[in-house]
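Reader: Please show me the structure, and then I will ask about its parts.

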Amino acid sequence: MTWVFIAILIVFSLIKIIPASLPSSVVEKILNKYKIHPQITPENCKVKYGDVQFIGGRKDEIIQYFNDANYLEKYYFAPEKNGEPLVISVTEGKRFTEYSLYVSSDYINVYKKQGKKEIAYSIRSAQLLEIAS
């Protein structure tokens with residue numbers, strides 16, 4: 001009976017130690033996969049507002065403003081979509097993610113669609129408010 005207890009204790013100790021000793025790059029990669037408002041690189045995305053597709057420096061500016069925006073809150077019940085969205089489409093390997101940015105009075109509602117799953121949250125960025133309004 002004591003051998004069973006000792007074996008269980010060793011197994012649970014290993015389960016506790018292994019995640020704590022992972023390299024930081026592995027932990028960062030895992031966390032970024034499930035992050036609500038991730039950092040986007042301009043190389044693998046497209047930015048579109050209505051019929052206009054941004055390219056070059058303007059696209060890089062918009063991506064930088066999106067990355068620098070302050071995350072406010074996640075919506076559990078998505079608000080109504082009003083107006084024309086600023087759409088950021090990101091392709092990373094097999095994953096395709098689309099961010100639709102709808103402008104409100106002093107913040108931006110973001111609808112993140114990845115596969116069949118859609119998440120709504122809000123961000124604040126003065127520069128994006130100027131571009132989209």
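Reader: Which residue in S7 does glutamine 114 stand opposite?

Author: This is a predicted model, in which local features need pLDDT of at least 70, side-chain atom pairs count only at pLDDT 80 or more, and totals for chains, interfaces and linings use all residues. Residues are numbered from 1 along each chain as its sequence is written, and side-chain values use heavy atoms, with hydrogens and water left out. Strands are DSSP runs (E, at least two residues; helices are H or I, at least four), numbered from the N terminus, and two strands pair if DSSP finds at least two bridges between them. Strand S6 (residues 108-114) and S7 pair in the antiparallel sense over seven bridges, and the residue in S7 opposite glutamine 114 is lysine 117.

Reader: In what order do the seven strands form the open sheet?

Author: Strands of a sheet pair through backbone hydrogen bonds, either parallel or antiparallel. In this sheet the pairing is antiparallel. Strand S2 (52-54) and S3 each have a single partner strand, so they stand at the edges, with one side of each left without a neighbour in the sheet. The order is S2-S1-S4-S5-S6-S7-S3.

Reader: Which residue in S5 is the bridge partner of valine 90?

Author: S4 and S5 pair in the antiparallel sense over seven bridges. They form a hairpin with two residues between them, and glycine 93 in the turn has a positive phi of about 65°. The bridge partner of valine 90 is threonine 97.

Reader: Which residue in S6 stands opposite leucine 101?

Author: A hairpin joins S5 to S6 through four residues. S5 and S6 run antiparallel and are joined by seven bridges. Opposite leucine 101 stands valine 110.

Reader: Are the rings of tyrosine 71 and tyrosine 121 stacked, edge-to-face or tilted?

Author: Rings of Phe, Tyr and Trp (its six-membered ring) pair if their centres lie within 6.5 Å; planes under 30 degrees apart count as stacked, over 60 as edge-to-face and the rest as tilted. The structure holds three aromatic pairs. In the pair of tyrosine 71 and tyrosine 121, the centres are 5.6 Å apart and the planes stand at 45°, so the pair is tilted.

Reader: Is tyrosine 121 buried or exposed?

Author: Buried means under 20% relative accessible area, exposed over 50%, and partly exposed in between (1.4 Å probe, protein chains only). Tyrosine 71, at 37%, counts as partly exposed. Tyrosine 121 has 0% relative accessibility, so tyrosine 121 counts as buried.
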